[in-house]
Amino acid sequence: GINAEYGGVTSFAMASDNKTAAAQMAGNLEVTPGELAFQVVVGDYSKRQMRLNNKGTKPMAYKIKTTNPHQYFVRPNQGVVKPGEKTRIAVMMGKLPAQPTEKCRDKFLVQATEYDGPIPDDNDKKFDWHTNIDGKDPKNKIYDCKLKCVYVQPRDGAAGAAAAVSDNKSQPEGQTGGQVEQPKPERSVSKPAPPVAMAQEMKPVSSGGSKHSWSVYLVIAFLFFIVGRFTHHLELPGM
């Protein structure tokens, strides 16, 4: 679980804010970055890394605290940094149910002091600040530096920029599309033209043919009438 992987952080109260810096010093212990910026992803954890660089000639013991210990998990949250060496601290912010509407007010405090005791192999599990520092010599010089936390939210203009890009891309396509579509009405008008012309040409042909056919019928009927009259007055022998 999270508590098994990240150490719980002791809380502290901060009265004033420090100006943001690329790095801060707690004695000879350099702390970077100067503030912790957490990328906000609703329903997910956000991770940042803190680096401790011992620029002195003696080991430096450190302890990390926060104003909101229930929201952050740190590994390791205490330990010893040898002279000239660096230690990386993993800081994880807990899940947020929604995008924050106000700026983050959480802060971290890094305490450091020169350490003359045995340096443990596993700083996170074997070194205890309360036992090795506070319990031995309460008069030890304690240095500290304070880090602000900030929320980094998705930019509101990202969607608008994407829409603008898509709009810019669609404009030339619309223009070329208009040019392509211009001949289409001409084709649609010219295509029906031949059938109309053919129909007009066919009309007199069909009407002339119908007149000739009626004339033929009249002539045939007249011939049958004459033949019928002739055969009616003709007397056949033996009848």
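How many salt bridges does the structure hold?

Reply: First, some ground rules: this is a predicted model, where local features need pLDDT of at least 70 and side-chain atom pairs count only at pLDDT 80 or more, while totals for chains, interfaces and linings use all residues. Residues are numbered from 1 along each chain as its sequence is written, and side-chain values use heavy atoms, with hydrogens and water left out.

There are 2 salt bridges (a side-chain nitrogen of Lys or Arg within 4 Å of a carboxyl oxygen of Asp or Glu). One joins E30 to K55, with the closest N and O atoms 3.1 Å apart. E30 sits in strand β4 and K55 in the loop between β6 and β7, so this contact ties together parts that are 25 residues apart in sequence (strands are DSSP runs of E, at least two residues, and helices are runs of H or I, at least four, numbered from the N terminus). E30 is buried, at 17% relative accessible area, whereas K55 is exposed at 52% (buried means under 20%, exposed over 50%, partly exposed in between, with a 1.4 Å probe and protein chains only).

The other pairs K58 with E114, with 3.8 Å between the closest N and O atoms. K58 is in the loop between β6 and β7 and E114 is in strand β11, so here the parts tied together are 56 residues apart. K58 is partly exposed at 40%, and E114 is partly exposed as well, at 36%.

β5 pairs with strand β12 (residues 143–152) in the parallel sense over 5 bridges (pairing takes at least two DSSP bridges), and A37 has V150 as its bridge partner in β12.

F38 also belongs to an aromatic cluster with Y72 and F108. The structure holds 3 aromatic pairs (ring centres of Phe, Tyr or the six-membered ring of Trp within 6.5 Å; planes under 30 degrees apart are stacked, over 60 edge-to-face, the rest tilted). Y72 and F108 make an edge-to-face pair, 5.1 Å centre to centre with 75° between the planes. Y72 lies in β8 and F108 in β11, so that pair ties together parts 36 residues apart in sequence. Y72 is buried at 0%, and F108 counts as buried at 0% too. Another pair is Y115 and F127: their centres are 5.5 Å apart and their planes at 85°, so they are edge-to-face. Y115 is in the loop between β11 and α2, and F127 is in the loop between α2 and α3, 12 residues apart. Y115 is buried at 4% and F127 at 2%.
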